[in-house]
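Work through the exercises below with the sequence and the model in view, and try each task before you read its solution.

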Amino acid sequence: MAEFKLPANSIVKIGKTFSAPKGGDKEQAKNTRKFIIYRYDPAIDENPRTDTFELDLDNCGPMVLDALLKIKDEMDSSVALRRSCREGICGSCAMNIDGGNTLACTKSIADIKGDVKIYPLPHQPVIKDLVSDLTHFYEQYASVEPWMKNDTEIAPDKERLQTKQDREKLDGLYECILCACCSTSCPSYWWNSDRYLGPAALLNSYRWIADSRDEATEKRLDDLEDPFKLYRCHTIMNCTEACPKGLNPAKVIAKIKQKMIKRKIS
Amino acid sequence: MSWDDKRPMSPHLQVYKLPLTAKLSIVHRGTGTALFIGLILMVWVLAAAAAGEESWQSMHGFLSSWFGKLVLFGFTFSLYFHLCNGIRHLFWDMGKGLELEYAHKSGIAVIVASVILTVLTWLIA
């Protein structure tokens, strides 16, 4: 049964407020914005809280990640977050910004109205602040065996060729960066992530189902034939709304369901 | 799913701005439940009609009251919404209309259609 409320140890309290530092000159910053950030410190026995940081946007980069790094550099060095590439290809800075999952590095501050609220990816165990534990998410990815299975012998100096048309079937699949924005946006995944694989793992399963060079299609479909692993998708479409790479996991899951039916009736 | 982790669970429903598609998914569930309960009430109505004039009169009195009408109106809307959105789901099952743009448009179409059908039914009946 779905548990809609947060456990007692997870209720978010109101924390501290940090005002914008005065600009280089004596003048107070004019173009300010409040960033309300989820904080949790495993070292102290307290519930999570939200701290408010007021930033001078005239003195800050355009993206939410720029603001977070400015806060970490200049206001509170204890703010914990993952980030690496700062250009939307590594997937590290996935978090919940302004009520939706996305990458902090590609989310423009100008696109957000009012206070900027930043939380970790939803319904996950929090390690510290904006860093959530994605171990289970990665295990589910591994469970779809995301590598090519092909028993046909081929000379070591030969490639496994693919037609241009077959290669195009992988478009919209291979681009996934495993940031977990989609899976952690999905209410079905929130309530059933112990058994439902979630949009990211399913999309990556289909990436190999659709690959003309892979010979394990039937086995892959057999593995997904389960009331929970695949069929907990109810086409809520939060995944597609959230994907920072513009992919459509909801549509991909529908394709897997179609393949299931087609092989049953043929 | 029970939470047996010492670490906190990050907020979900509390902070997520649900898109239209998600809200309609919730309404689809809600109307489905309403129809299930409504069918039991419907059997009750039929049983009252079958039990003779006296029991039918008291049931008719309830159905004519503002509360009875509200229940019937809710049932009508639930029926039309669930039907229209069910058709939307059938298209999705065929792999059609799953692009965000179409999913939004079909969602709005379902709302408009179910409201119009409900109002029409009540105007005619």
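Two residues are in contact if their C-beta atoms, placed from the backbone, lie within 7 Å. This is a predicted model, in which local features need pLDDT of at least 70 and side-chain atom pairs count only at pLDDT 80 or more, while totals for chains, interfaces and linings use all residues. Residues are numbered from 1 along each chain as its sequence is written, and chains are lettered from A and ligands numbered from 1 in the order in which they are written.

**Exercise 1.** Find how many residues the contact takes from chain B and from chain A, and describe the side of chain B.

*Solution.* The contact takes 45 residues from chain A and 26 residues from chain B. On the side of chain B that touches chain A, the elements giving two or more residues are α1 (20-50), α3 (66-93) and α4 (100-124) of chain B, where helices (H or I, at least four residues) and strands (E, at least two) are DSSP runs numbered from the N terminus. The residues of this side divide into 14 nonpolar, seven polar and five charged; Ala, Val, Leu, Ile, Met, Phe, Trp, Tyr, Cys and Pro count as nonpolar, Asp, Glu, Lys and Arg as charged, and the others, Gly among them, as polar.

**Exercise 2.** Determine the order of the six strands in the open sheet of chain A, and say which strands stand at the edges.

*Solution.* The order is β1-β3-β2-β6-β4-β5 (chain A), with mixed pairing, and two strands pair if DSSP finds at least two bridges between them. At the edges stand β1 (13-18) and β5 of chain A, each with a single partner strand, so one side of each is left without a neighbour in the sheet.

**Exercise 3.** Describe how strands β4 and β5 of chain A are joined and paired.

*Solution.* Strand β4 (residues 94-97) of chain A pairs with strand β5 (residues 100-103) of chain A in the antiparallel sense, over four bridges. Within this pairing, I97(A) has G100(A) as its bridge partner, and N96(A) stands opposite N101(A). The two strands, β4(A) and β5(A), form a hairpin with two residues between them, and D98(A) in the turn has a positive phi of about 55°.

**Exercise 4.** State what share of chain A is buried, and how many helices and strands chain A has.

*Solution.* Of the 266 residues of chain A, 39% count as buried, a residue being buried if 20 or more other C-beta atoms lie within 10 Å of its own. The secondary structure of chain A comes to eight helices and eight strands.

Technical notes: Buried ≥ 20, exposed ≤ 12 C-beta atoms within 10 Å, placed from the backbone.
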